[in-house]
Amino acid sequence: MYDTGPGGYGMDGGFVFGLLGMVFWLVVLVFLLWVYGRIIGRAGYSPWWALIVLVPVVDVVMLWVFAFIHWPALDDMTIAQGSAPSGPPSGAEGGAGGA
């Protein structure tokens, strides 16, 4: 039926390309999980939340949740910038001047 060649194993290239394809997609998946973990970590949450991407419907819901919830990293930024003025610089209020 099939010509298996002298070795008798029948490796015609489909197995090799299939294996390379699986390795390629595994590398892509690991890279995307790493990127999502970095983004979620910078928002102030555990990077382990990136694993939720593997669940088909829940990933879209969590995208919306992460988009609209309060990010703890923003609290750290406002504390770090606590000495910065929040209004316009002095002398830039407008008006006729001081006389």
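1. How much space lies in the largest pocket? In this predicted model, the largest pocket holds about 360 Å³ of space. Its lining is made up of 13 residues. Those that lie nearest the centre of the pocket are Tyr36, Ile40, Met62, Leu63 and Phe66.

2. Which helices supply at least two residues each to the lining of the largest pocket? They are helix 1, spanning 14-42, and helix 2, spanning 58-68. Helix 2 gives the most to this lining, namely five residues.

3. Twelve of the lining residues are nonpolar and one is charged, while no polar residue takes part.

4. As to the overall architecture, the chain contains three helices and zero strands. Read from the N terminus on, the order of its elements is α-α-α. The chain has 99 residues, and buried residues account for 9% of them.

5. A nonpolar patch is present on the surface. Its members are Phe15, Val16, Phe17, Leu19, Leu20, Met22, Val23 and Val27, and together they have about 840 Å² of accessible area. Phe15, one of these residues, belongs to helix 1.

6. The loop between helix 1 and helix 2 contains Ala43. Is Ala43 buried or exposed? Ala43 is buried, because its relative accessible area is 8% and the buried class covers values under 20%.

7. Tyr45 is placed in the loop between helix 1 and helix 2. With a relative accessible area of 25%, Tyr45 is partly exposed. Tyr45 and Trp71 stand 26 residues apart in sequence, and their C-alpha atoms are 7.8 Å apart in space.

8. Pro47 likewise has its place in the loop between helix 1 and helix 2. What is the relative accessible area of Pro47? The value is 46%, which makes Pro47 partly exposed, since the exposed class requires over 50% and the buried class under 20%. The C-alpha atom of Pro47 is separated by 7.6 Å from that of Tyr36, a residue eleven positions away along the chain. Tyr36 is itself among the residues that lie nearest the centre of the largest pocket, and this returns the discussion to the opening point.

Notes
Residues numbered from 1 in each chain as written. Predicted model: local features only at pLDDT ≥ 70, side-chain atom pairs only at ≥ 80, totals over all residues. Heavy atoms only, no water. 1 Å grid on protein atoms, 1.4 Å probe; cavity = no way out; pocket = protein on both sides within 12 Å on 5 of 7 lines; lining within 4 Å. Points joined across faces, edges and corners; volume = space filled by probe spheres on them. Helix = DSSP H or I, 4+ residues; strand = E, 2+ residues; numbered from the N terminus. Nonpolar A, V, L, I, M, F, W, Y, C, P; charged D, E, K, R; others polar. Patch = residues over 30% accessible without salt bridge, like charges linked within 9 Å, V, L, I, M, F, W, Y side chains within 5 Å. Areas by Shrake-Rupley, 256 points an atom, 1.4 Å probe, with all protein chains shown as cover. Salt bridge = Lys/Arg side-chain N within 4 Å of Asp/Glu carboxyl O. Buried < 20%, exposed > 50% of the residue type's maximum accessible area, 1.4 Å probe, protein only.
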